[in-house]
Amino acid sequence: MTILQARPSRPGQSASTLRAPGLDWLLMAASLALVALGTLLVWSATSTRADLTGGDANAYLRKQLVNVAIGLVLMVAVMATDHRWVRILAPLAYVASVGGLVMVLVAGSTINGSRSWLQIGGMSIQPSEFAKLAVVIGMALVVAERTERRWGRTVRSLEVVAMLAIAGVPAALILLQPDLGTMLVLSATVFGVLAVAGAGRLWLAGLTVGAVVGATVAVVGGVLKPYQVDRFLAFTNPDLDPRGAGYNVEQARIAVGNGGLFGQGLFEGSQTRSGFVPEQHTDFIFTVAGEELGLVGAGILILLLAVVIWRSLTISAQAGDLFGRVAAAGIACWFGFQAFQNIGMCLGIMPVTGVPLPFVSYGGSSLFAGMLALGLLQNIHLRSTAPRR
């Protein structure tokens with residue numbers, strides 16, 4: 001329900017001027033459109049895959065609809081929570097996220113070379129997806145709590161160190177899995193949060209140089225596993241191993257190229273129906289859009305993602321406090337880089353790292369984390385646009 005409240009009159013302004021706080025409906029519409037489109041694409045990618053569905057063409061559709069329903073409940077819960085409780089519960093969310101990552105290393109399941117999953121009953125949970133949001137709100141809380149207690153909003157070196165420590169614990173646990181894709185997304189998110197929070201240029205430059213040196217050491221020193229190195233080599237030249245590491249990239253390019261301008265039609269993609277693209281309902285979901293909806297449909301999907309990122313940055317700019325500004329910007333960085341990484345690997349312009357497309361790929365953990373973030377964005381927006389008393 002929209003509440004209209006009169007604002008105090010100012011010289012030359014009528015006392016009847018009204019302000020109507022409410023949801024960011026453009027953000028909501030774009031996000032829900034992505035979820036709906038993603039559900040259709042997941043259905044199309046799995047309906048003919050008897051090896052996945054056991055002969056039930058609607059199996060993954062029903063599972064994804066359950067995921068969507070749970071995600072909506074989580075979004076509404078965060079959206080309706082008083083903003084003071086959001087800040088109070090932030091440390092608990094961070095601790096729970098770190099605990100989940102520790103549990104993965106102790107009793108997790110290994111899938112595609114990464115020990116990233118917890119089996120809880122009949123459900124698989126990937127704690128690293130929730131760690132992205134936990135790191136964002138943890139860093140936002142640290143910088144807000146320390147800078148709001150003093151005059152000025154300049155972020156000192158001590159705050160930067162504290163923020164890096166908050167991000168460092170989950171990052172180290174994710175590296176131990178190892179989950180290189182999530183680590184790349186988390187690194188880009190942390191950099192964005194520090195930049196928005198006001199970290200000095202020397203800090204940002206130092207972190208950039210450190211990341212390059214660290215990546216070089218990881219490759220040269222044998223820290224990366226052989227299959228991860230093969231993925232990077234296949235990115236530079238898919239022809240090096242067309243039946244192995246380069247297979248995903250080649251098949252993804254073929255699927256996207258098959259779509260042409262308007263696509264082959266939903267549920268009619270030749271590559272998709274034949275199951276040539278591995279993990280097409282998760283990491284390579286964009287190839288289904290490219291093949292079946294064509295350039296136009298894939299372009300609409302990218303446009304919807306751009307709207308979500310734009311509205312997230314707008315909410316950050318309009319936030320009434322430092323916590324909201326930093327948290328919203330961090331979520332925008334997270335969504336933006338992860339979407340670029342996912343779509344880029346489907347087009348062959350980024351290495352294959354196995355990250356889902358926000359709001360679109362199949363999977364509960366990714367969708368739940370995204371809907372929680374959406375709820376937080378709406379919470380920040382509602383607080384920023386509420387009438388001042």
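**View A. Y94, V98, L101, V102 and L105 of helix α4 meet A165, I166, V169, P170, L173 and I174 of helix α6 in this predicted model.** To meet, or to be in contact, is to have heavy atoms within 4.5 Å, and helices (H or I, at least four residues), like strands (E, at least two), are DSSP runs numbered from the N terminus. By class, the contact of α4 with α6 has 11 nonpolar residues, no polar residues and no charged residues, where Ala, Val, Leu, Ile, Met, Phe, Trp, Tyr, Cys and Pro count as nonpolar, Asp, Glu, Lys and Arg as charged, and the others, Gly among them, as polar. Helix α4 spans residues 83–107 and helix α6 spans residues 157–175, and their axes come within 9 Å and cross at roughly 20 degrees, which makes α4 roughly parallel to α6. Axes are lines fitted to C-alpha atoms, for helices over the stretch in contact, and angles run from 0 to 180 degrees between N-to-C directions; those under 35 degrees count as roughly parallel, those over 145 as roughly antiparallel, those from 65 to 115 as roughly perpendicular and the rest as oblique. The crossing in which α4 passes α6 is left-handed, a term for a near helix turned anticlockwise from the far one by less than a right angle, while clockwise is right-handed. Residues are numbered from 1 along each chain as its sequence is written, and side-chain values use heavy atoms, with hydrogens and water left out. Because the model is predicted, local features need pLDDT of at least 70 and side-chain atom pairs count only at pLDDT 80 or more, whereas totals for chains, interfaces and linings use all residues.

**View B. Helices α1 and α3 pack with a right-handed crossing.** The axes of α1 (residues 25–46) and α3 (residues 59–80) come within 9 Å and cross at roughly 160 degrees, and the two helices are therefore roughly antiparallel to each other. On the side of α1, the residues that take part are M28, L32, V35, T39, V42, W43 and T46, and they meet Y60, L61, Q64, L65, V68, L72, M75 and M79 of α3. These residues divide into 12 nonpolar, three polar and no charged.

**View C. L72 of helix α3 is in contact with L32 and M371, once its neighbours within four places in sequence are left aside.** At 31% relative accessibility, L72 counts as partly exposed, a class that lies between buried (under 20% relative accessible area) and exposed (over 50%), with a 1.4 Å probe and protein chains only. The C-alpha atoms of L72 and L372 are separated by 8.6 Å, although these residues lie 300 apart along the chain.

**View D. Helices α12 and α13 pack at an angle of about 165 degrees, with their axes 8 Å apart.** Helix α12 covers residues 285–318 and helix α13 covers residues 322–347, and the angle makes α12 roughly antiparallel to α13. Their crossing is left-handed. From α12 the contact draws on F286, T287, I302, L305, V308, I309, S312, L313, I315 and S316, and from α13 on R325, A328, A329, A332, F335, G336, A339, N342, I343, C346 and L347. By class, this contact has 15 nonpolar, five polar and one charged residues.

**View E. F235 of helix α9 (residues 226–236) touches G348, I349, M350 and P351, not counting residues up to four places away in sequence.** With a relative accessible area of 29%, F235 is partly exposed. The C-alpha atoms of F235 and M345 are separated by 8.4 Å, and the two residues are 110 apart along the chain.

**View F. F267 and F359 are loop residues, other than glycine, that have positive phi.** F267 is found in the loop between α10 (247–258) and α11 (270–274), and its phi is about 75 degrees. F359 has its place in the loop between α13 and α14 (364–385), with phi near 70 degrees. At 22% relative accessibility F267 counts as partly exposed, whereas F359, at 4%, counts as buried.

View G. Buried residues make up 49% of its 389 residues. Among contacts between residues at least 6 apart in sequence, 71% join residues at least 24 apart. The accessible surface of the chain, from the Shrake-Rupley method with a 1.4 Å probe, comes to about 17,700 Å², of which 67% belongs to carbon and sulfur atoms.
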